[in-house]
Amino acid sequence: MESSKIRHIAVFTSGGDAPGMNAAIRAVVRTASYHDLHVHGVKWGYEGLIDGRLERLERRDVGNIIHRGGTILHTARSERFRTPEGRKAAYETLKAFDIDALVAIGGNGTFTGAKVFSEEFNVPMIGIPGTIDNDLYGTDFTIGYDTAINTAIDAIDKIRDTADSHNRVFFIEVMGRDSGFIALNAGIGSGAETIMVPEVAASVEDLANRLKMGFKRNKLFSLIIVAEGCKSGNAQVISEALKGHFENLDVRVTIIGHLQRGGSPTCMDRVLASRLGRAAVEGILSGRKGEMVGLVNNQIAFTPFDQAIAHDKALNQDLIELAEILSM
Ligand code: F6P
């Protein structure tokens, strides 16, 4: 499809929801409308594409959603889209609705599907990074991440009050199956004593020694932030193992969990989503396809899907050192 022939696009959200997805949908619809394109919204991600769950979206349909968490288009993780039959059905839907190009808002799994589908059927697709994990290469920030870390520090600040009152050691587990962006940044932002992330090996022995040193310095309570994908185990497992190193240790575990996925997006996330939504549509119009749009050094940048999903986005080494220095 020549970009000059693109008249009709569809947008969908897929994978885990993230605050700011609605702001991105709004930006896609309004930018498309500005350029005289028709837009359909696909409900429930790839599942809806397979089942033909599309609805026309006009400018006014995306009014009053910029501040809302979740996604008005709903989302899903689709097993059927992994099969050639599922993808063929999705392509039939695109033909039936006369859709020329797709905008996919999601994370790693979403762009893995997008890469296969867009190559298989030569469908122009642009991805917008929407995941609280911030684990996509090709963008400094993903939509939803800023809101998630602010939700996390709000919760950690509250736990600090009770940890201080009772002289307790608190393990606080944050999301991040494969990456420690949320743990590292929420940990530094909340002044946690120890931060455990999947990217950095850590032993329970080291943790026990750290705590003992802290007790010697009259540190009466501790906040330990654990990313759920930490290689030494989750917060519950590590806390149990830690108890073996002390005679009496007053330990509690809090798992913040899906609270981090909901809520009204921060201004940072709304602006990021608005910029990326616009860039996705204008990227399609300028002939781009098979790429994720992101923000690198505060500039719009496009990265091929295979690089966005295959390259590991490394944690900032300075931040790892900073956490170490400040917690001593
Ligand atoms: O990818 C976003 C994320 O919230 C991860 O941090 C977490 O591991 C996972 O999704 C949880 O997924 P589910 O929606 O299946 O609970």
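Predicted model: local features only at pLDDT ≥ 70, side-chain atom pairs only at ≥ 80, totals over all residues.
Colleague: Fine. Which residues are around the ligand?

Modeller: Arg77, Thr131, Ile132, Asp133, Met175, Gly176, Arg177, Glu228, His258 and Arg261.

Colleague: How far is the side chain of Glu228 from a ligand oxygen?

Modeller: An N or O atom of that Glu228 side chain sits 2.4 Å from an oxygen atom of the ligand. For Arg261, the side-chain distance to a ligand oxygen is 2.8 Å. For Arg77 it is 3.0 Å.

Colleague: And how much of the ligand's accessible area does the protein cover?

Modeller: The protein covers 78% of it. On its own, the ligand has 400 Å².

Colleague: Switching to helices. At what angle do H7 and H8 cross?

Modeller: Roughly 65°. The axes come within 10 Å. H7 spans residues 204–216, and H8 spans 235–243.

Colleague: Left-handed or right-handed?

Modeller: H7 passes H8 in a right-handed crossing.

Colleague: Which residues meet there?

Modeller: From H7, Val204, Leu207, Ala208 and Leu211. From H8, Ile238, Ala241 and Leu242.

Colleague: How many are nonpolar, polar or charged?

Modeller: The H7 contact with H8 has seven nonpolar residues, with no polar and no charged ones.

Notes. Residues numbered from 1 in each chain as written. Heavy atoms only, no water. Axes fitted to C-alpha atoms, helices over the stretch in contact; angles between N-to-C directions. Helix = DSSP H or I, 4+ residues; strand = E, 2+ residues; numbered from the N terminus. Left-handed = near helix turned anticlockwise from the far one by under 90°. Contact = heavy atoms within 4.5 Å. Nonpolar A, V, L, I, M, F, W, Y, C, P; charged D, E, K, R; others polar. Near = heavy atom within 4 Å. Polar contact = N/O pair within 3.5 Å; in protein donor to acceptor, adjacent residues only side chain to side chain. Areas by Shrake-Rupley, 256 points an atom, 1.4 Å probe, with all protein chains shown as cover.
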